[in-house]
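Take a look at the fold below.

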Amino acid sequence: GTWWPLLVILAGVLTFASNPRHWPFALLLTAVGVAMLLTTMDVLDLSDLIWPMVLIVVGIIILAGRGFGGKTVESGDEVNIFHVFSGSETASRSKAFRGGSISVLFGGAELDLTEAVPAPGAMLDVFAAFGGVEIKVPPGWNVNIKGLPIFGGFDNTTTKDSLPEGAPTLIVNATALFGGVEVTH
């Protein structure tokens, strides 16, 4: 009963190992696991500090102005989507889409790439914790999805049967922690 927080610490370490670009969440997850472990070992008592820490984190998120979703159309060649307790629908019409980053925590994001054209080496880093990400691509794209599911999953429902020679390729590096990532048409 004392050592169960090691699973939370392990989840943080695996999150960092699978994609170092998501180091802030991996560090937070590891720190929470260490605090929980110290509490179960009677070294530290965090019961009086939990709600003040939650309020401080929510305040920082609000002050940073991030995490509030909506519907947008991106004209740049990269996307950078980050949501906490919210979601968004984003579409890209880039003619040289290079990729970018999508991170959601207790929220969701939809990225519509049906009018975009991928540049060679296009790559998306996707992180979903307690939420979901849906990426829509047009038929004819070759999508390679790989990553680390921790009590979550990812799915590629695009057709791979009749891809033309030299089909445009999108690489998706996904980390799903109690969440999901789906690539579809």
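**A helix with a buried face**

Helix α1 covers residues 5-18, and its 14 residues should span 20 Å at 1.5 Å a residue; the end C-alpha atoms are 20 Å apart, so the two agree. The expected span here is 1.5 Å times one less than the number of residues. Which residues of α1 are buried? They are P5, V8, I9, A11, G12 and T15. Seen down the axis of α1, these buried residues fall within an arc of 155 degrees, so they line one face of the helix. That arc is taken from the directions from the helix axis to the C-beta atoms. An α-helix has 3.6 residues a turn, so residues three or four places apart point the same way. On the other side of α1, L7 and A17 are exposed. Buried means under 20% relative accessible area, exposed means over 50%, and partly exposed lies in between, with a 1.4 Å probe and protein chains only.

This is a predicted model: local features need pLDDT of at least 70, side-chain atom pairs count only at pLDDT 80 or more, and totals for chains, interfaces and linings use all residues. Residues are numbered from 1 along each chain as its sequence is written, and side-chain values use heavy atoms, with hydrogens and water left out.

What covers the buried residues of α1? The cover includes α2 (23-40), β6 (118-129), β8 (142-150) and β10 (169-177). Now turn to α2. It has 18 residues and reaches 25 Å from its first C-alpha to its last, close to the 26 Å expected at 1.5 Å a residue. Within α2, the residues F25, A26, L29, G33, A35 and L37 are buried. Their cover includes α1, β4, β6 and β10. After α2 comes D42, with a positive phi near 60 degrees.

**The whole chain**

From the N terminus on, the order is α-α-α-β-β-β-β-β-β-β-β-β-β-β. Helices (H or I, at least four residues) and strands (E, at least two) are DSSP runs, numbered from the N terminus. The C-alpha atoms fill a box of roughly 60 × 35 × 20 Å along the principal axes. Of the 185 residues, 39% are buried. Contact means heavy atoms within 4.5 Å. Among contacts between residues at least 6 apart in sequence, 58% join residues at least 24 apart.

**Strands and loops**

K146 lies in strand β8. Leaving aside neighbours within four places in sequence, K146 is in contact with F154, I171, V172, N173 and A174. K146 and P118 are 28 residues apart in sequence and 18 Å apart in space, C-alpha to C-alpha.

Two loops deserve a look. Most residues other than glycine have a negative phi. F106 is not a glycine, yet its phi is positive, about 55 degrees. F106 is found in the loop between β4 (97-105) and β5 (108-112). Is F106 buried or partly exposed? F106 is partly exposed, with a relative accessible area of 40%. F130 also has a positive phi of about 55 degrees, although it is not a glycine. Its place is the loop between β6 and β7 (132-136). At 39% relative accessibility, F130 counts as partly exposed.
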